[in-house]
Amino acid sequence: MIQSASSKTPISVHSIAPAQVIRGSGAWDEAQKPISKLFSNPLLLGRSESTQSIRSRLCRELNQSGLRVFQQNLEHDCCELDLQRIQNDFIRQSCDGVIAAGGGKVLDSGKLLADRLDVPCVTVPLSAATCAGWTALSNLYSPDGAFECDQGLKRCPDLLVFDHDLLLKAPSRTLASGIADALAKWYEASVSSGSSHDGVIQQAVQMARVLRDQLLIDSIEALQEPGGEAWRRVVDACGLTAGVIGGLGGARCRTVAAHAVHNGLTQLEACHSVLHGEKVGFGILVQLRLEERLGGNRLAAQAHVQLLHLLRELGLPVCLDDLGLGHASLNQLQQVCQFACREGSDLHHLPFEVTPVALMEALVGAAETSPVVP
């Protein structure tokens with residue numbers, strides 16, 4: 001049977017995974033030899049003072065293995081101002097690769113810098129708050145911390161070092177935030193791609209469902225028993241499996257309203273101390289309210305009740321007060337809604353129209369529950 005041109009599968013390009021992943025307790029020690037094969041004079045990028053002692057140890061051990069390491073710290077979130085400064089230092093120091101060790105914005109900065117300079121990149125997550133160590137994507141922010149845009153990269157990192165011993169040092173708040181961010185994979189992908197006829201995308205969506213179920217089962221125990229079996233499953237889910245789903249699903253397995261709400265919230269200075277996943281988790285509640293109220297989806301109301309209970313147990317924000325916005329002005333909340341609803345926003349992947357006014361109602365009522373009919 002001859003396939004007509006109109007029935008051919010369109011070409012899609014996927015950056016699915018890092019070239020190599022080393023995970024588990026002691027992964028950093030195991031990574032020394034692979035790292036030394038990638039470069040000899042790397043830039044070690046970080047930011048937080050709370051993880052400076054870890055980065056100093058990593059630097060010392062890299063130097064002992066024969067590398068010549070140049071350390072540099074970000075002054076802001078992943079933003080052009082920092083990237084230009086560090087790129088100039090990279091060239092001046094004759095570096096030949098990037099090792100990014102830290103949270104999501106450090107990892108995004110390192111990946112983007114390596115992508116622009118076309119050099120190898122190693123990511124070393126120091127928390128399981130995002131899957132940024134895995135993906136071929138970076139989010140750009142203003143120097144003030146306001147989201148500007150996301151940028152696709154040519155490939156995933158050359159090496160991801162996912163060391164459970166290092167992750168165990170991170171505050172429990174970062175893991176709770178990572179759980180919310182990973183949960184969004186299901187709530188957003190099922191809306192944007194649940195009806196896709198593409199087999200790979202269908203499989204990515206089903207992986208997101210399994211990921212959600214795993215997190216619903218294990219999250220509370222993971223936070224109660226750091227380092228235990230449930231904890232290991234959860235950190236792997238947040239830092240690795242969530243990245244697999246994004247890599248397989250690609251651009252068609254998109255973020256939707258939850259991340260759009262996050263992007264809008266970053267426009268307010270009062271939210272800058274709130275972690276990425278904390279804002280995303282709140283955004284899932286907002287999205288489910290929109291699906292229920294505007295989309296007439298009764299299952300969304302049930303999902304909202306279930307998720308609201310879990311987020312509260314995890315100590316995550318579920319209302320504007322929790323986000324530090326209890327006294328925000330009407331103009332400030334309108335700014336959030338206007339940005340989230342701007343042209344090209346992922347919010348518009350919802351199967352119905354959302355206006356800033358409708359989004360405002362969902363923001364204000366995110367923690368309110370509706371009567372759920374069994």
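Biologist: How do α11 and α12 run relative to each other, roughly parallel or roughly antiparallel?

Modeller: This is a predicted model: local features need pLDDT of at least 70, side-chain atom pairs count only at pLDDT 80 or more, and totals for chains, interfaces and linings use all residues. Residues are numbered from 1 along each chain as its sequence is written, and side-chain values use heavy atoms, with hydrogens and water left out. The axes of α11 (residues 276-293) and α12 (residues 298-313) cross at roughly 160 degrees (lines fitted to C-alpha atoms, for helices over the stretch in contact; angles run from 0 to 180 degrees between N-to-C directions). The two helices are therefore (under 35 degrees is roughly parallel, over 145 roughly antiparallel, 65 to 115 roughly perpendicular, the rest oblique) roughly antiparallel.

Biologist: Which hand does the crossing of α11 and α12 have, left or right?

Modeller: Helices here are DSSP runs (H or I, at least four residues), and strands are too (E, at least two), numbered from the N terminus. The axes of α11 and α12 come within 9 Å. With the near helix turned anticlockwise from the far one by less than a right angle, a crossing is left-handed; clockwise, right-handed. This crossing is left-handed.

Biologist: How many residues of the contact of α11 with α12 are nonpolar?

Modeller: Contact means heavy atoms within 4.5 Å. Those of α11 include I284, L285 and L288, and those of α12 include A300, L307 and L311. Ala, Val, Leu, Ile, Met, Phe, Trp, Tyr, Cys and Pro count as nonpolar, Asp, Glu, Lys and Arg as charged, the others, Gly among them, as polar. The contact has 2 polar and 3 charged residues, and the nonpolar ones number 9.

Biologist: Which strands stand at the edges of the sheet?

Modeller: The open sheet has 6 strands in the order β1-β8-β5-β4-β2-β3, with parallel pairing (at least two DSSP bridges between two strands). One side of each edge strand is left without a neighbour, so each has a single partner: these are β1 and β3.

Biologist: What is the average twist from one strand to the next?

Modeller: The sheet also carries helices: α3 (residues 52-64) lies across β2, β3, β4 and β5. Helix α9 (residues 229-249) lies across β1 and β8. From strand to strand, the twist averages 15 degrees.

Biologist: Is A251 buried or exposed?

Modeller: A251 lies in the loop between α9 and α10. Its C-alpha is 9.6 Å from that of G152, 99 residues apart in sequence. With a relative accessible area of 55%, A251 is exposed.

Key. Buried means under 20% relative accessible area, exposed over 50%, partly exposed in between (1.4 Å probe, protein chains only).
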